[in-house]
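Q: Hi! I'm new to this one, could you walk me through it?
A: Happy to, here it is.

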Amino acid sequence: MNPKVRQLYKDLLWLAKNYPGDYPKIRDKLHDGFIRNARVSSGEELEKCLEHGEFIAKELQSLYFLRTYRAVKRNYYD
Amino acid sequence: MSSKIRILVPVKRVIDAALKPRINKTNTGVESKGVKFSMNPFCDIAVEEAVKIKEAHKEAVESIHAVSIGPSKAQDILRTALAKGVDTSTLVDVGEQEIEPLQVSKLLKKVVEQKDSNLVILGKQAIDDDSNQTGQMLAGLLGWPQATNASKVVVEGDFVTVTREVDGGAETIRAKLPLIITTDLRLNEPKFVTLPKMMKAKKKPLEIVKPDAYGVTIEERLEILKVEEPPARSAGVKVSSVDELVSKLQELKAL
């Protein structure tokens with residue numbers, strides 16, 4: 001496995017642990033996503049997939065920030 | 001020549017902000033078993049601000065030290081703080097008991113003296129006990145100026161300009177170091193920590209001490225008698241016509 005892909009999978013798995021709801025569910029979803037692109041091994045297509053993965057990671061980070069921000073805002077400021 | 005800034009950031013481990021806490025069976029607190037814990041959101045903002053100040057003033061800021069007063073599991077919170085860019089950390093292990101703000105302030109005072117800190121950035125309050133006292137009490141004990149509810153912090157040499165959130169507006173104050181700053185929600189937007197940063201943080205120093213080491217004895221001054229949930233909202237009534245709505249409102253003397 002490409003080390004970049006492995007690292008991305010690990011990073012996303014770490015982020016997934018904080019995803020609201022069942023951890024096994026999101027883990028399987030993440031796994032499926034990687035399996036779906038298993039035939040991609042190099043070149044432009046791989047770059048595109050990695051970019052998409054990093055995009056998801058950033059989205060998750062923003063989601064977690066907003067989740068806390070909104071919860072605190074609702075409880076203390078609204 | 002201005003002196004180096006040594007920042008201290010106290011952090012607290014609390015039940016995750018996004019969760020709805022449940023009251024325990026004996027009505028003396030909230031259920032903490034099997035619940036996800038994380039860093040208090042306001043402390044998270046304080047850590048982020050300390051790191052931002054360090055990034056903006058690499059020359060002036062010597063170090064950022066994080067301290068947590070709580071159970072041994074608060075190590076996870078300190079690791080998160082280290083991953084966010086804090087240099088060193090201390091856990092004052094007080095076991096599972098909840099410590100009152102005055103005791104926390106007394107312990108923090110000792111840590112400030114030990115670490116020779118001259119800027120303390122802390123969350124304005126913890127979302128579990130909502131005391132909003134620790135920063136103020138620490139300022140009192142140390143005899144330092146304080147800037148509470150900060151929404152903007154600008155460091156220029158030995159002086160810090162802080163914009164505070166006050167009722168219906170903002171107040172800008174300026175003070176010379178040493179200083180206590182407590183953070184408000186809109187100060188910055190803390191990022192969720194990534195795995196590579198978390199792995200690197202494992203090598204950073206985390207020291208565990210007992211409160212006795214600081215010569216502070218923990219004594220409870222308050223006794224929690226009862227904790228209860230706010231009353232549930234009663235159900236509304238559906239009306240079929242405007243006339244009915246008007247008569248209902250008249251019944252309630254709203255018209």
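A: One term before we start: a crossing is left-handed if the near helix is turned anticlockwise from the far one by less than a right angle, and right-handed if clockwise. Helices (H or I, at least four residues) and strands (E, at least two) are DSSP runs, numbered from the N terminus. This is a predicted model, where local features need pLDDT of at least 70, side-chain atom pairs count only at pLDDT 80 or more, and totals for chains, interfaces and linings use all residues. Residues are numbered from 1 along each chain as its sequence is written, chains are lettered from A and ligands numbered from 1 in the order in which they are written, and side-chain values use heavy atoms, leaving out hydrogens and water.

Q: Thanks! Is the crossing of helix 1 of chain A with helix 2 of chain A left-handed or right-handed?
A: Right-handed: that is how helix 1 of chain A passes helix 2 of chain A.

Q: And at what angle do they cross?
A: Helix 1 (residues 3-16) and helix 2 (residues 23-36) of chain A cross at roughly 160°, and their axes come within 10 Å. Axes are lines fitted to C-alpha atoms, for helices over the stretch in contact, and angles run from 0 to 180 degrees between N-to-C directions. So helix 1 of chain A is roughly antiparallel to helix 2 of chain A. Angles under 35 degrees count as roughly parallel, over 145 as roughly antiparallel, 65 to 115 as roughly perpendicular and the rest as oblique.

Q: Which residues meet there?
A: From helix 1 of chain A they include V5(A), L8(A) and L12(A), and from helix 2 of chain A they include I26(A), L30(A) and F34(A). Contact here means heavy atoms within 4.5 Å. The residues of this contact divide into ten nonpolar, one polar and one charged. (Ala, Val, Leu, Ile, Met, Phe, Trp, Tyr, Cys and Pro count as nonpolar, Asp, Glu, Lys and Arg as charged, and the others, Gly among them, as polar.)

Q: What about helix 1 of chain A and helix 3 of chain A, what's their angle?
A: About 20°, with the axes 10 Å apart; helix 3 of chain A covers residues 43-76. That makes helix 1 of chain A roughly parallel to helix 3 of chain A. Helix 1 of chain A passes helix 3 of chain A in a left-handed crossing. Their contact has eleven nonpolar, two polar and three charged residues.

Q: Switching topic: how many residues of chain A are in contact with chain B?
A: 17 residues of chain A are in contact with 21 residues of chain B. W14(A), Y76(A) and Y77(A) supply 35% of the area that chain A buries against chain B, more than any other three residues.

Q: What's the area buried between chain A and chain B?
A: About 1,800 Å², of which carbon and sulfur atoms give 66%. Buried area is the accessible area (1.4 Å probe) that two parts lose on being put together, summed over both.

Q: Now chain B. Where is P178(B) found?
A: P178(B) sits in the loop between strand 9 (169-176) and strand 10 (179-183) of chain B. The peptide bond from L177(B) to P178(B) is cis, with omega near 0°.

Q: And D116(B), what's its phi?
A: Positive, about 55°, although D116(B) is not a glycine. Its place is in the loop between helix 3 (101-115) and strand 6 (119-123) of chain B.
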